[in-house]
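Please keep the sequence and the structure in view while reading.

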Amino acid sequence: MDIKFIKVKEPSETLVDVFNRWDNDEVLIPLTRPNKNKAELDRRDTMTLDDLKQRLDHHHIYLIYLDDQLIGEMNYSVDPNHLFKKEEGTAWIGITIGELEGRSKGIGYQAIQFLEEEIMKQGLSRVELGVFEFNTQAQKLYKKLGYKEIGRIENFTYWAGKMWFDIRMEKYLEI
């Protein structure tokens with residue numbers, strides 16, 4: 001199993017197509033974006049090349065490859081407005097394993113470790129993330145990696161007929 005992580009420097013239409021497929025996958029939508037109600041959960045969006053270019057202005061995006069197949073992406077931004085704990089110099093991270101072949105193989109664990117290394121190279125020592133209450137698999141991963149819960153935001157996302165918390169977690173990195 002050969003895993004590689006490659007930083008996106010030049011967005012392409014091919015990459016936009018893959019991101020649109022993942023962003024509109026009915027299995028991934030509840031895991032990757034908050035939805036206030038069923039209508040939002042059912043909504044489908046289309047990213048453009050310009051949208052991806054604008055996202056790169058504020059996010060460091062890395063592609064995840066398994067045996068030369070693109071299976072996911074991870075990213076971080078610095079000091080976004082939605083931080084639970086407003087501590088300057090904080091990286092907010094996200095990860096999506098978009099392809100079924102990449103799930104439940106420990107790739108997320110390796111990917112987050114790689115992302116933390118990249119964050120430390122930028123001189124940042126704190127990471128924060130949000131994980132939906134029903135996503136117990138991701139919660140286990142983050143806890144295994146040393147993330148600690150720092151708060152919960154009620155009625156944050158709609159899924160399976162009800163509203164769920166967003167669990168906010170943090171980790172201080174050893175620079």
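Glu-170 forms a salt bridge with Lys-85, and the closest N and O atoms of the two are 3.0 Å apart. This pair links distant parts of the chain, since Glu-170 lies in strand S7 (residues 162-172) and Lys-85 in the loop between strand S3 (69-78) and strand S4 (90-97), 85 residues apart. The model is a predicted one, and these values are computed from it.

Lys-85, at 30% relative accessibility, counts as partly exposed.

Salt bridges that share partners join Asp-166 and Arg-168 with Lys-85, Glu-87, Arg-126, Glu-128 and Glu-170 into one network.

Over the whole structure, the search finds 16 salt bridges. Another of them is formed by Lys-38 with Asp-42, whose closest N and O atoms are 2.7 Å apart. Here both residues lie in helix H3 (residues 38-42), with a spacing of 4 residues, or about one turn of the helix. Lys-38 counts as partly exposed, with 47% relative accessibility, and Asp-42 likewise counts as partly exposed, at 43%. In general, side chains of opposite charge can pair when their charged atoms come close.

## The largest pocket

The largest pocket holds about 1,400 Å³ of space. It is lined by 48 residues, of which Leu-31, Thr-32, Gly-94, Ile-95 and Thr-96 are the closest to its centre. The elements that give two or more residues to this lining are helix H1 (13-23), helix H2 (29-32), S3, S4, helix H5 (107-121), strand S5 (126-132), helix H6 (136-144) and S7.

Sorted by class, the lining of the largest pocket consists of 20 nonpolar, 16 polar and 12 charged residues.

## Strand S2 and its neighbours

Strand S2 (residues 60-66) is largely enclosed by the rest of the structure, because 6 of its 7 residues are buried. Strand S1 (residues 3-7) pairs with S2 in the antiparallel sense over 5 bridges, and in this pairing Lys-7 stands opposite Tyr-62 in S2.

S2 also runs antiparallel to S3, to which 7 bridges join it, and Leu-66 stands opposite Gln-69 in S3. The hairpin of S2 and S3 has 2 residues between the strands, and within this hairpin Asp-67 takes a positive phi near 50 degrees.

## The chain as a whole

The chain has 6 helices and 7 strands, which follow the pattern β-α-α-α-α-β-β-β-α-β-α-β-β when read along the sequence. Buried residues make up 46% of the 175 residues in the chain.

Along its principal axes, the C-alpha trace spans about 40 × 40 × 30 Å. The radius of gyration of the chain is 16 Å, which agrees with a compact globule, because a globule of 175 residues would have a value near 16 Å.

Note on methods
Residues numbered from 1 in each chain as written. Predicted model: local features only at pLDDT ≥ 70, side-chain atom pairs only at ≥ 80, totals over all residues. Heavy atoms only, no water. Salt bridge = Lys/Arg side-chain N within 4 Å of Asp/Glu carboxyl O. Buried < 20%, exposed > 50% of the residue type's maximum accessible area, 1.4 Å probe, protein only. 1 Å grid on protein atoms, 1.4 Å probe; cavity = no way out; pocket = protein on both sides within 12 Å on 5 of 7 lines; lining within 4 Å. Points joined across faces, edges and corners; volume = space filled by probe spheres on them. Nonpolar A, V, L, I, M, F, W, Y, C, P; charged D, E, K, R; others polar. Pairing = 2+ DSSP bridges. Rg over C-alpha atoms; globule rule 2.2 N^0.38 Å.
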